[in-house]
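Visitor: Hi! Could you walk me through this model?
Guide: Happy to, let's have a look together.

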Amino acid sequence: MIRYIALLRGINISGKNKISMPELKTALGEKGFADVKTYLNSGNVIFSDNEPDAVKLAESIRAIIFETFHLEIPVFVIPQDELKCLLSKAPSWWESDSKDIYDNLIFAIAPHSIETVAKKIGEPTEKIEKVQICGNAAFWSFDRKLYAKASWWKKTATPGIGEMITIRTANTLRKIAEM
């Protein structure tokens with residue numbers, strides 16, 4: 001079996017798109033997903049399955065969420081080993097020890113590509129944020145105090161872009177990569 005990570009986009013934020021992680025875990029287990037675990041309340045699911053196609057798994061999970069919670073939630077799925085490999089390629093400026101810098105990884109949800117997302121957002125704001133594309137993801141860091149001036153910060157949640165991506169912090173990704 002392959003170990004996977006599913007990242008649900010935009011759930012349990014300000015009372016919107018509420019999904020109980022224990023109920024989601026149960027629903028996925030009942031549909032045949034093995035060794036299901038969740039991390040935090042923000043839609044991080046770790047599971048095992050024999051299906052080799054991550055996009056098919058994302059669609060299956062999306063359908064289960066709709067059936068169980070009556071919500072249309074975009075889902076991104078990546079093999080856990082692929083996530084570990086991706087994290088090993090992080091640029092030197094990403095995941096620094098500085099409390100003033102916020103490090104994230106942006107994933108493009110199929111059928112979108114990170115290149116398309118990056119073109120729509122445009123160049124990162126110099127001296128405030130850094131972006132490096134790697135595979136179908138983008139390492140992204142910004143100054144916490146100046147985030148409101150960051151080009152990517154303003155645009156990642158806008159219509160036409162927000163639904164194409166899901167974002168996780170460096171800390172969250174390091175934890176789920178090892179679960």
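Visitor: How many of the five residues of strand β8 are buried?
Guide: Four of the five residues in β8 (residues 165-169) are buried, so the strand is mostly covered. Buried means under 20% relative accessible area, exposed over 50%, and partly exposed in between, with a 1.4 Å probe and protein chains only. Strands (E, at least two residues) and helices (H or I, at least four) are DSSP runs numbered from the N terminus.

Visitor: Before we go on, what should I know about the model itself?
Guide: This is a predicted model, in which local features need pLDDT of at least 70 and side-chain atom pairs count only at pLDDT 80 or more, while totals for chains, interfaces and linings use all residues. Residues are numbered from 1 along each chain as its sequence is written, and side-chain values use heavy atoms, leaving out hydrogens and water.

Visitor: Thanks. Which sheet does β8 sit in?
Guide: β8 belongs to an open sheet of four strands in the order β6-β7-β5-β8, with antiparallel pairing. Two strands pair if DSSP finds at least two bridges between them. At the edges stand β6 (129-134) and β8, each with a single partner strand, so one side of each has no neighbour in the sheet. From one strand to the next, the twist averages 20 degrees.

Visitor: And how many bridges join β5 to β7?
Guide: Seven bridges join β5 to β7 (residues 137-143), and the two run antiparallel. One of the bridge partners is F139 in β7, which goes with L105. On its β8 side, β5 (residues 101-108) pairs over five bridges, also in the antiparallel sense. There, F107 has T166 of β8 as its bridge partner.

Visitor: Which helices pack on this sheet?
Guide: Helix α3 (residues 80-88) touches β5, β6 and β7, and its direction makes about 135 degrees with that of β5. Helix α6 (residues 170-177) touches β5 and β8, and its direction makes about 85 degrees with that of β8. Axes here are lines fitted to C-alpha atoms, for helices over the stretch in contact, and angles run from 0 to 180 degrees between N-to-C directions. Contact means heavy atoms within 4.5 Å.

Visitor: At what angle do α3 and α6 cross?
Guide: Their axes come within 9 Å and cross at roughly 135 degrees. α3 and α6 are therefore oblique to each other; angles under 35 degrees count as roughly parallel, over 145 as roughly antiparallel, 65 to 115 as roughly perpendicular and the rest as oblique. The crossing is left-handed, the term for a near helix turned anticlockwise from the far one by less than a right angle, with clockwise being right-handed.

Visitor: Which residues make that contact?
Guide: Q80, L83, K84 and L87 of α3 meet L173, R174, I176 and A177 of α6. By class, that gives five nonpolar, one polar and two charged residues. Ala, Val, Leu, Ile, Met, Phe, Trp, Tyr, Cys and Pro count as nonpolar, Asp, Glu, Lys and Arg as charged, and the others, Gly among them, as polar.

Visitor: New topic: what is the strand order in the β2-to-β4 sheet?
Guide: This open sheet has four strands in the order β2-β3-β1-β4, with antiparallel pairing. β2 and β4 are at the edges with a single partner strand each, so one side of each lacks a neighbour in the sheet.

Visitor: Is β4 buried or exposed?
Guide: β4 (residues 75-79) is mostly covered, with five of its five residues buried. V75, V77 and P79 lie on one side, and F76 and I78 on the other. It pairs with β1 (residues 2-8) in the antiparallel sense over five bridges. Y4 stands opposite P79, and L8 has V75 as its bridge partner.

Visitor: What lies across β1, β2 and β3?
Guide: That is α1, running at about 160 degrees to β2. As for α2, this helix packs on the sheet by touching β1, β3 and β4.

Visitor: How do α1 and α2 cross?
Guide: The axes of α1 (residues 21-30) and α2 (residues 54-69) come within 10 Å and cross at roughly 120 degrees. That makes α1 oblique to α2, and the crossing is right-handed.

Visitor: Last one: where is T38, and what does T38 touch?
Guide: T38 is in strand β2 (residues 34-39). Leaving aside neighbours within four places in sequence, T38 is in contact with M21, K25, N44, V45 and M179. T38 is partly exposed, with a relative accessible area of 26%.
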